[in-house]
Amino acid sequence: MPISTTDGHSSPDRLPWYRSGVVYQVYPRSFADGDGDGVGDLPGITAHLGHLRDLGVDAVWLSPFYRSPMADFGYDVSDHCDVDPTFGELADADALIAAAHAQGTKVVVDFVPNHVSVEHPWFQDALTGREAEHRDWFVWRDGAPDQPPNNWRAAFSASPAWTYDEASGQHYLHLFLPEQPDLDWNHPEVVRAMHGVLRFWLDRGVDGFRADVVYCIGKEPALRDLPEDLAELPALLQDFGPGTHEQLRGIRTLLESYPGDRMVVGETVLPDVTTMASYLGHDDELHLAFNFSALHAPWRADRWRREIEAAASALDPIGGWPTWTLSNHDIPRHRTRLGSEGRARAAAVLLLTLRGTPFLYMGEELGLSDAEVPEERRVDPGGRDGCRAPLPWTEDPEGDWGGRAWLPLPPDAARLSVEAQTGDPTSMLEHYRRLLALRRATPALHRGALELLDAPAGVLRYRRSADEGPDVEVAINFTDEAIGGLDLSRRFLGGTALPGASTDPAVLGPDEARITTAD
Ligand code: ISL
């Protein structure tokens with residue numbers, strides 16, 4: 001059954017980078033420490049860009065590095081147009097962008113449109129009273145101190161999504177922490193100011209944005225009560241309606257006024273891929289949207305088959321392009337979720353051979369698990385410290401972080417360091433490098449169509465084909481038992497087995513993934 005017959009563009013030679021490429025997410029606090037204070041920074045990232053080049057990714061997405069009091073580790077921005085001193089200064093951002101571009105790596109920065117920090121000058125002004133210039137840039141409603149204006153509750157707590165401001169006798173809305181007041185995008189000045197933020201970074205040369213909870217910006221002014229299950233977490237899984245689509249068209253038009261393929265990928269934590277796909281509009285809203293349905297799918301061949309079908313049927317009719325992610329800074333790493341290195345290796349084959357743009361999360365190429373963070377060292381209000389542990393670069397990983405890393409290192413850090421894994425063909429890092437090199441060299445893999453094939457229970461099989469280069473077949477055993485009765489006699493291209501290892505053409509071993517070709 002051919003489920004995706006086009007690559008979405010008439011000229012196969014000119015797929016934009018964000019369709020043909022692979023994006024690598026950097027969480028700046030934990031990627032690399034340039035000054036030995038135990039916290040990652042922009043000079044640290046610049047110094048380690050060679051790792052991204054050697055890995056073979058096309059773009060880096062940087063989680064927020066802007067000025068912030070860090071109530072939500074940078075997702076509470078107090079100045080969008082400056083670098084937080086923890087991470088360096090503006091000149092360091094310029095240097096990073098220039099160095100990335102010099103080695104051919106695109107740069108995507110985080111754009112946090114739904115809320116700002118309570119310390120942002122706009123909100124500080126809004127707090128001065130009902131007549132303040134920036135008062136209506138935020139969402140204020142009347143109500144008694146103990147009577148929030150509606151039933152919405154904030155993320156990371158079961159508390160109301162409203163905080164009462166005694167001085168003015170009104171509540172302000174915050175879908176996340178009380179330290180993250182929501183902006184009101186119904187106010188034209190907010191739109192103008194936030195477009196100014198996009199321009200600021202576009203003018204500095206960034207290639208795109210990852211837009212944080214972007215589907216939340218179009219809230220209707222009525223702010224009606226929600227059914228109880230949605231009110232519990234309105235920031236998630238909530239399709240806020242037409243306002244967001246209009247705003248996304250405005251953002252798209254702005255990006256298209258710049259030369260080059262500037263891109264916006266949306267964080268769309270939505271109930272299903274059809275709703276997710278609606279935020280691509282008619283190719284006039286987001287360029288790409290994160291697929292959270294697949295991110296949360298259990299490790300089962302039938303479930304992944306369904307995710308692939310669902311993404312294709314939502315996206316193909318509108319010419320949309322899939323994205324695939326296994327880990328990010330908000331959820332336990334997939335190595336931890338899947339529970340074994342063997343499965344994580346098979347998962348890497350899946351991620352890097354599907355049709356669509358893969359987003360890697362820093363450290364997955366090392367096979368890192370979440371750190372064990374003892375109670376007294378936990379710092380994130382969302383309980384997400386484990387997946388944010390600092391990366392091990394050398395066989396003295398504590399030393400990489402000045403002996404005082406801000407979070408505990410992941411388990412087995414020295415053995416899993418970049419230094420220890422480099423050049424060892426059996427390592428996870430070399431597995432990722434081989435897969436990324438194969439993907440880049442093979443048009444069928446980075447831009448071809450995908451056809452699901454019949455397979456025994458527990459196995460997922462698909463064929464990738466383009467108008468250039470060989471067809472490729474992928475077979476993945478999602479179980480920890482060998483599965484026979486297969487015909488995998490075609491030439492071995494890659495997978496979980498080492499190059500040169502002998503493989504049985506009729507049998508996939510436990511957790512085995514195999515990539516073969518027709519010629
Ligand atoms: O963190 C989560 C689950 O543990 C998610 O629900 C997360 O809150 C959601 O995906 C939205 O995430 C984004 O916006 C948040 C920020 O805390 C996250 O780090 C960011 O990725 C608020 O800006």
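How many bridges join β11 to strand β12 (residues 288-289)? There are two, and the strands run parallel.

Before going on, a word about the model. It is predicted, so local features need pLDDT of at least 70 and side-chain atom pairs count only at pLDDT 80 or more, while totals for chains, interfaces and linings use all residues. Residues are numbered from 1 along each chain as its sequence is written, and side-chain values use heavy atoms, with hydrogens and water left out.

**Strand β11 and its partners**

Strands here are DSSP runs of E with at least two residues, helices are runs of H or I with at least four, and both are numbered from the N terminus. Two strands pair if DSSP finds at least two bridges between them. Strand β11 (residues 263-266) also pairs with strand β10 (residues 208-211), in the parallel sense, over four bridges. Valine 265 of β11 is the bridge partner of arginine 210, and leucine 288 in β12 is the bridge partner of valine 265.

In a regular strand the side chains alternate between the two faces of the sheet. In β11, Met263 and Val265 lie on one side and Val264 and Gly266 on the other, and all are buried. Buried means under 20% relative accessible area, exposed over 50%, and partly exposed in between (1.4 Å probe, protein chains only).

**Salt bridges**

A salt bridge is a side-chain nitrogen of Lys or Arg within 4 Å of a carboxyl oxygen of Asp or Glu. The whole structure has 33 of them. Here are some examples.

| Pair | Closest N and O atoms |
|---|---|
| Aspartate 110 and arginine 210 | 2.9 Å |
| Aspartate 182 and lysine 219 | 2.9 Å |
| Glutamate 228 and arginine 153 | 2.8 Å |

Aspartate 182 and lysine 219 are both buried. Elsewhere, a network of salt bridges links Asp72, Asp330, Asp380, Arg384 and Arg388.

**Two domains**

The chain is divided into domain 1 (2-114 + 190-439) and domain 2 (121-173), with bounds from an automatic or database domain assignment. Their C-alpha centres lie 31 Å apart. In contact (heavy atoms within 4.5 Å) are 21 residues of domain 1 and 14 residues of domain 2. The domains bury about 1500 Å² between them, 63% of it on carbon and sulfur atoms; buried area is the accessible area (1.4 Å probe) that two parts lose on being put together, summed over both. The count of salt bridges between domain 1 and domain 2 is one.
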